[in-house]
Number of protein chains: 2
Amino acid sequence: MVDKLPGKVLVAQGGGPTAVINQSLVGVVLEARKFPHIRQVYGAVHGVRGIVDEDFLDLTRETTHNLELVARTPGSALLSTREKPDADYCARMFEVLRKHGIHYFFYIGGNDSSDTLRIVNQQAEAVDYPLRCVHVPKTIDNDLMMNDHTPGYGSAARFVARAFMGVNLDNRALGGVYVGVVMGRHAGFLAAASSLARKYLDDGPHLIYCPERPFDPERFLADVDAVYKRHGRCIVAVSEGIADAQGRPIITTLKDMGADDHGNVQLSGTGVLGDLLMDHIKKGLGIKRVRSDTFGYLQRSFLGCVSDRDAREAREVGEKAVQYAIWDDIDGSVAIQRPVRDYSVEYELVPLEAVAGKTRRMDPEFINEAGNDVTAAFHAYARPLVGAALGEGHRLRAPRIASVRMG
Amino acid sequence: MVDKLPGKVLVAQGGGPTAVINQSLVGVVLEARKFPHIRQVYGAVHGVRGIVDEDFLDLTRETTHNLELVARTPGSALLSTREKPDADYCARMFEVLRKHGIHYFFYIGGNDSSDTLRIVNQQAEAVDYPLRCVHVPKTIDNDLMMNDHTPGYGSAARFVARAFMGVNLDNRALGGVYVGVVMGRHAGFLAAASSLARKYLDDGPHLIYCPERPFDPERFLADVDAVYKRHGRCIVAVSEGIADAQGRPIITTLKDMGADDHGNVQLSGTGVLGDLLMDHIKKGLGIKRVRSDTFGYLQRSFLGCVSDRDAREAREVGEKAVQYAIWDDIDGSVAIQRPVRDYSVEYELVPLEAVAGKTRRMDPEFINEAGNDVTAAFHAYARPLVGAALGEGHRLRAPRIASVRMG
């Protein structure tokens, strides 16, 4: 089995970086280097683009020491791309791979990258180029099918939970309404994570809106009004991808938005949605102090906010990918399962077609009936993923001093 | 001396919260409780507003254990206000203070809060109400006169440095232009902190713009163009308060901005400036992938990003304030001095008038001649403030694989 294909391995990273994507890279490299017949481990620079450009690093010559430092660094150490190959692009890739004698390809990425790998895998079979293709999952959006959760989500969720706890303490001091816009094009997992550091009964976020439920601007105003009347303040978490009942993103009412190669509207890297909702509240409710923040890139790349569990699992999916490809000699996508709720994981290899280009959304039971908060079921699901020592806020408990009447 | 005034102390917090403002609160409370003649330590809820509302907590009855937990919690535990008293407001305050026999007042805050305290102090003398007033400094903007630096800045600077290092790693993977908008109305200290985690020669931010220098949109485009041509990417840090040569904030070309009681334009809690600069770059340079984030409230309240040095100093300014008021029986503002550059601090009490309502800006030597980056002098100044274990990114160092020519 292990000598079925000549011994060169290629690894690359696609799509948006995460805080732990380099753990998966290092998992692939270190595991592949254990096999005696693997002579070289290549790293393609800028994903599939590096293959057609014949731009490779020799990761066989990377020190283990430095690999371990890179593993703890956020961002894609091999750099990334969002390019999507067609038959012609694949033909150019195979020409380069054949020249170098590469027959194992590990691609670390999300939905779009797994779709890229599915295309590459199909084309390799169509032209009879022997290439084991294994997809290594990552996405902060947590929206890969067949997975209980995906590496990258736990750390991003940790950032979002800490950010909202901080904002909650800040907003409590000065009052008003705060809207935090969180990444998540089709799935609300990250916005939902805003709830994970809530502690006291009146802690925010008080309202959470996910793309899984239609967003009604009028109901939204009524929700904010009710919370504001009750607490004198209101903190809202919304997914960037919230859409109306017809499925149109709330943000698309605005013009001049760019689109990437995968046909996605630009939702991140702009404060438009937050400002839109802020104006809506100011005008609709006449509240003066309304603020919005768009968390943007901080939530997927912030240095020093990593879930220990997420980091371990990201390492292991890289290792498992190599084992499936080399021991079992099969193509597919590594998926994380959770046989025990609190908490253990198992890995399995699922067909690329089951994951590629598909989007998983939140279980309906994770969102409350009103569609403006998460449930205890979501907490049971997500709390283990954000790792140890999430942190918490503490309040003064001193008694109030009685008013003094003048005699 | 210590029995000159009856033994009730009042502490309150004003203005925007910070990550370590509760350290100062706890410093005041624990130090005041050490004096045998101090019978009670009051906390006013929502700053000076809590005084006129007679809304006090009895901090004498707070456990030391819980105080230490609160000290490590970001946000203003006593809640805050931006209200600014006039003579009438002060008269109502003194009426309440007299009823309760309070003659020591410690106000933790920034420029506006120190100005509030200056007014209260003047009015107390004018109406002959005996009240020791000591201002305890805090501000993430680091813009208090007479101080080498202020508590709150180090932790916010730590957040900004980490955020930009993460963004740098992210942007390196996918390219394009990134604009990060950082708090700082008149002073660029926080925007300048974006540079503190740079390590490799091509690490971003590549351009940094502070309010101390006029912002020229055309020069800005030329700067971005030059960096983009050199590195294929460009990361920019700008202060929210950047202004043109006439002193008009770049953001005021836009309408519908709210203003707070101190007459300040709303710069934070909106993504407008970032989006404005993003559009400017897209149109002016024809670059497709341009993103902007406005760091907003995360930088002053994020849970779990505290400079150890900042936390210690925040505690100590609270303790010193009590010692000046009770041992020395004088009014003023506690200021941090740095007699040794790397690194020790000393505290002194300066007149309220020297700090109140005034704004310190960055030393000219902290900004480079072109006005688009910071200098080594800034690094020597700021690096000790962000604390230990700032974190760093690591890169792969593997050699490139030579291109293979087909025979």
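Chain B and chain A bury about 7100 Å² between them, with 59% of that on carbon and sulfur atoms; buried area here is the accessible area (1.4 Å probe) that two parts lose on being put together, summed over both. In chain B, Leu303(B), Leu396(B) and Ile401(B) lose the most area to chain A, together 11% of what that side buries. Keep in mind that this is a predicted model: local features need pLDDT of at least 70, side-chain atom pairs count only at pLDDT 80 or more, and totals for chains, interfaces and linings use all residues. Residues are numbered from 1 along each chain as its sequence is written, and side-chain values use heavy atoms, leaving out hydrogens and water.

**Who touches whom**
- The contact (heavy atoms within 4.5 Å) takes 89 residues from chain B and 89 residues from chain A.
- 100% of the interface residues of chain B are also interface residues in chain A, so the copies meet through the same surface.

**Salt bridges**
- The rule finds 4 salt bridges across the interface, each needing a side-chain nitrogen of Lys or Arg within 4 Å of a carboxyl oxygen of Asp or Glu.
- Asp170(B) pairs with Arg300(A) in a salt bridge, their closest N and O atoms being 2.7 Å apart.

Methods: Chains lettered and ligands numbered in written order.
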